[in-house]
There are 2 protein chains.
Amino acid sequence: MDRSKINPNIKDIAKIANVSVTTVSHAISGKRHVSEKTKEKIFKIIKENDYSPNVVARSLKKKESGIIGVITPVLNNEFYSEIIEGIEESLRLKGYMLVINISHFNITKEKEHFRKIDSLFIDGLILVGGFTEISYIDEINKRNIPVVLALREDPQNKYPIVSIDFKKSISNITDFLFKSGHENIGYAGWLREGKITDRKTLDGYIESVKKNGKKFNKSLLIAHTASEDDQGHNFYQFIDTYLKQNGNNRKLNFTALVCQNDYIAIDAINALKKNGFNVPNDISITGFGNIAKSRYHNPSLTTIAIPRKKIGRLSAEVFIKIINKNNISDSDLLLETEIIQRDSTRQL
Amino acid sequence: MDRSKINPNIKDIAKIANVSVTTVSHAISGKRHVSEKTKEKIFKIIKENDYSPNVVARSLKKKESGIIGVITPVLNNEFYSEIIEGIEESLRLKGYMLVINISHFNITKEKEHFRKIDSLFIDGLILVGGFTEISYIDEINKRNIPVVLALREDPQNKYPIVSIDFKKSISNITDFLFKSGHENIGYAGWLREGKITDRKTLDGYIESVKKNGKKFNKSLLIAHTASEDDQGHNFYQFIDTYLKQNGNNRKLNFTALVCQNDYIAIDAINALKKNGFNVPNDISITGFGNIAKSRYHNPSLTTIAIPRKKIGRLSAEVFIKIINKNNISDSDLLLETEIIQRDSTRQL
DNA sequence: CTGAAAGCGCTAACAA
DNA sequence: TTGTTAGCGCTTTCAG
């Protein structure tokens, strides 16, 4: 038997140390007292033989794996990848490993992924970003492992959600525009059935409008109710049409436009430019997200930065808290955002 | 016993189907003949009971897990994340799962990660991007699982490397500049000890120079030999100094500069601008990598696009080939790159 | 074509 | 303070 070629197991260690496997197991786990002397001997032998416990066998026995499942819609996207980095950072320190799955915005795939990694005895599931429907989770989650949502909605409000305060963020940036002297401020965004954030962002705008002593005016709304594109691209056409209908003689009834996200904001800038408007001289534009492009676009975009890494870290911490049966208060889960001032807005 | 709360196992299925666990196992794996009738019955029951085999138990027995380890320096980076997406795409189709680890450019962490996931009985390891030293792998890889490198060097040339032809790519883009009428073309890049690609890219440049009937002129080289920054940032200072010393009266002895990567190219553009040069009117600049910023920079960068997703997919395929003991020819592993023409170069 | 049973490496209940 | 042993869920050898 060529033992040199294969990793030693707990039995080997026990034999060499002249103790039982139980003692070795407990020396490692610390779950029951082992005399200093024996412990020393065991650890020495462990080191000499380069032993590390077999994670798979341990998982099978304990029905715990030290692995956390992460499901993300895509990887090659600054939002998700940075959140995941945050998760990894915190969880690695606690000794967990990550199994990362990509759902490609497909709920069926997501479900399959969860099924599969569930049988790995993952100790928790963190869902990053994306969509709405997650009722399938309970159906699969027979072992009742903790589930945490990172920057993801849950209409049923069943799982802890680590996110940002969408309403407040939009409210803040609208306030910022009012403070800059704008009197009439419009809003452009999706208003899709069932999308909670769509409603929240609009509410943030409305809140600020009222707070600043104005009346909410529906004609200042460029709200797209179609529910096609989850990522929020392709608002360009929609705004272009709006401008053609409402922007006669290069006049609009607002001097600033709050956009629900950076994609919409960039589309808005481009559509405005094409229709002869100047940003920010004629119209100030704000975005939401602080995507990479927002910095390099011309003009660069005033927007709201989302603390992505922090969201990841916090998600991990929430998970740990659940594991340790510490209770979490909802108020801890909403992170502050920050306004990034660039060139798409101006003081009036 | 409340079986409704827990996942059924193979024994449960066997009992309900009135067959042995062996038969269930073989029905699933197809490794030995099971009568159509029995198979049908078994699969029906599997479906009804929502059974899926326990991956952990299977791994323990088979010393295979259906899991592939991926180690990447960072996640939030278009290069790595897109390669990983490619890997995931191909491997998911083959039924593999991915455990993704982040090494933060730290070899010790990388080693630890490998150790840990090795005990998960991962079936293979794909190392994405980054650094040089990988001799530690054999030391850990007692089970001798296949190792594939994606866009990563290996001085020992021990493992299959899926990458691009750096030399040819740089040679091509230098050719492109010659064809555009440039007679004197410079080169800016790192030349760090032990970095194979540094040498390869420079060789590509030299190859093109000679091919185009010129003599290699050392004074056209802006080569940084320090070995600080692995990512290739902060060339700005270096080039700035060079320009101050060699660019009197806004005259340089070249009209085009081939840069080893996009970061250097962007630094070069900025340094040139600051020193009173116009890009591309005075000097044409090319990069390598086609990073997001290269498109939005002013002027936008003519550069070489790397087929990142393809690299990922191919890495996965190579892994599968190794598993299936198909031999791989080295020539299959080098992917073509593509020149992306933008505004930082001009025809003379 | 099918089954019984050993055993993968570990943990923990029970026993001393 | 330590040891014996059952068993986690599965695959596979050996035996029909």
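First, a caveat: this is a predicted model. Keep that in mind as we go.

Start with one strand in chain A. That is β6(A), residues 185-190. Is β6(A) mostly covered or mostly open? Mostly covered: six of its six residues are buried. Buried here means under 20% relative accessible area.

Now the neighbours. Which strands does β6(A) pair with? One is β8 of chain A, residues 256-259. Four bridges join β6(A) and β8(A), and the two run parallel. To find the pairing on screen, go to A:Ile185; its bridge partner in β8(A) is A:Ala256.

Another partner is β7 of chain A, residues 221-224. Again, four bridges join β7(A) to β6(A), and again the strands run parallel. Here, look at A:Ala188, whose bridge partner in β7(A) is A:Ile222.

What about the connection? Helix α9 of chain A covers residues 196-211. Together, β6(A), α9(A) and β7(A) make a β-α-β unit. Which hand does that unit have? Right-handed.

Next topic: backbone geometry. Some background. Most residues other than glycine have a negative phi, and most peptide bonds are trans. I have some exceptions to show you.

Peptide bonds to begin with. A:Val279 and A:Pro280 are joined by a cis peptide bond, with omega at about 10 degrees. Where does A:Pro280 lie? In the loop between α11 (262-274) and β9 (284-286) of chain A.

Then A:Asn298 and A:Pro299. The bond joining them is also cis, with omega at about -5 degrees. A:Pro299 sits in a loop too, between α12 (292-296) and β10 (303-305) of chain A.

Now phi. A:Phe105 is not a glycine, yet its phi is positive, about 60 degrees. Find A:Phe105 in the loop between β2 (97-102) and α6 (107-118) of chain A. Is A:Phe105 buried or partly exposed? Partly exposed, at a relative accessible area of 24%.

Over to chain B. B:His104 has a positive phi of about 50 degrees, and it is not a glycine either. Its loop runs between β2 (97-102) and α6 (107-118) of chain B. B:His104 has a relative accessible area of 26%, so it counts as partly exposed.

To recap. In chain A, β6(A) is mostly covered, with parallel partners in β8(A) and β7(A). Then look at the positive phi values of A:Phe105 and B:His104.

Conventions: Residues numbered from 1 in each chain as written. Chains lettered and ligands numbered in written order. Predicted model: local features only at pLDDT ≥ 70, side-chain atom pairs only at ≥ 80, totals over all residues. Heavy atoms only, no water. Buried < 20%, exposed > 50% of the residue type's maximum accessible area, 1.4 Å probe, protein only. Pairing = 2+ DSSP bridges. Right-handed = clockwise from strand over helix to strand, strands pointing away.
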